[in-house]
Each structure stands twice: as structure tokens, then as C-alpha cells.
Amino acid sequence: MAVLVNLDLAAVDAADAIRQLASSLGQMPGVVDGARLVTDMLAREAVLTTYVGDGVALPHARTDAVTKRVVAVARSPKGVPFGPKGELAHLIVVVGCPRQDVSAYLTFSKLLLRRLRLPKVRTELLTVREPAKFLQLLELNDEAPAGSAAS
């Protein structure tokens, strides 16, 4: 699984955050169509906000644009407005998953959300400075080394 980390995301809204993060995945192994990945994630967000509460958003798409799961994680110090209420997400995880990989995607999402619902984990994610430590807190660092993307 490819994982990119951005600890200083500056985005004006959910669409901007999704474009930045999904676009950063465009050259990762497993991405066969970076533009389609962005389009599919934006389309999914348009159907129903991926803001899950507690300052966390999980934009995602099951798509033919990837052949394996790809992930970009970000922290936004100012927060990014998501959904019709403009709730601020400070932690954003974008996930692109192959369309046919439903079971693995649901398992991954469940485990990720379980971690993100822990107040201690969220607090640490908001202050940690090293991408590797950020991934360790999310328990995403066991499959691939972290890349680093700066905005």
C-alpha cells in the first residue's frame, strides 16, 4: 500500500483538499489514472460528505483508477471545511481502492476509523512532527515506507 503524508495541508475547502491529496497519489504504484482518481473522489464527496466528526474526514473512492489501495494522509492546522455545515477537518485521509476490493476496503476503513476515534490518538496526530510517527499513530506504516508531500 502506498502512503503519502502531508503534515501542513493548506486547502480552502473539501474539493481543494481532495484535489491536492488525490493528485499527489497520481504517480504512486497502483494508480493507473490519476485524473480519474481525483474525479471519482470528488464525485463521491458530492454524493455525501466524508466528514466523520471529531475533526476527521475520510474522502474515498472505489475506482478503476487504481489496481491496489493508495492512501494520502494530511493534517490541516487551520482546518478544511467539509459538508454542508462547513465542519472543520484537521485530519484528512484519502483512500483510493480498486472497485472489486470491497471487503478489504471495508476492513481497512473500519480499522482506520477505530484509531481516529481515539481522543489520545487524534491529539497526538495534531502535534507530531515526523511523517513516520504520524503513520505509526495511525498504524499505517506496516505495509510501505512513508513518502512526504508538502503543500
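**Figure 1. Salt bridge between Arg115 and Glu139.** In this predicted model, the side chains of Arg115 and Glu139 form a salt bridge with an N to O distance of 3.5 Å (a side-chain nitrogen of Lys or Arg within 4 Å of a carboxyl oxygen of Asp or Glu). The pair links distant parts of the chain, 24 residues apart: Arg115 belongs to helix H3, and Glu139 to the loop between helix H5 (131–138) and strand S7 (146–148). Helices (H or I, at least four residues) and strands (E, at least two) are DSSP runs, numbered from the N terminus. Arg115 is buried, at 18% relative accessibility (buried is under 20% relative accessible area, exposed over 50%, partly exposed in between; 1.4 Å probe, protein chains only). Residues are numbered from 1 along each chain as its sequence is written, and side-chain values use heavy atoms, without hydrogens or water. Because the model is predicted, local features need pLDDT of at least 70 and side-chain atom pairs count only at pLDDT 80 or more, whereas totals for chains, interfaces and linings use all residues.

**Figure 2. Salt bridge between Arg99 and Asp64.** The side chains of these two residues, Arg99 and Asp64, meet at 3.5 Å, N to O. Arg99 lies in the loop between S6 and helix H3 (102–116), and Asp64 in the loop between S4 and S5, 35 residues apart. Arg99 is partly exposed, with a relative accessible area of 36%; Asp64 is also partly exposed, at 44%.

**Figure 3. Helix H2 and its buried side.** The buried residues of H2 are Leu37, Val38, Asp40, Met41 and Glu45. They cover an arc of only 165° around the axis and therefore lie on the same side of H2 (the arc is that of the directions from the helix axis to the C-beta atoms). Exposed Ala35, Ala46 and Val47 are on the face turned away from this buried side. Within H2, Asp40 and Arg36 are four residues apart, about one turn of the helix, and their side chains form a salt bridge (3.1 Å, N to O). Asp40 has a relative accessible area of 17%, whereas Arg36 is partly exposed at 33%.

Figure 4. Asn6, in strand S1 (residues 2–6), counts as buried at 5% relative accessibility. Its side chain reaches the backbone nitrogen of Asp8 at 2.8 Å and that of Leu9 at 3.1 Å. A polar contact is a pair of N or O atoms within 3.5 Å; within protein, one must be able to donate a hydrogen and the other to accept it, and residues adjacent in sequence count only if both atoms are side-chain atoms.
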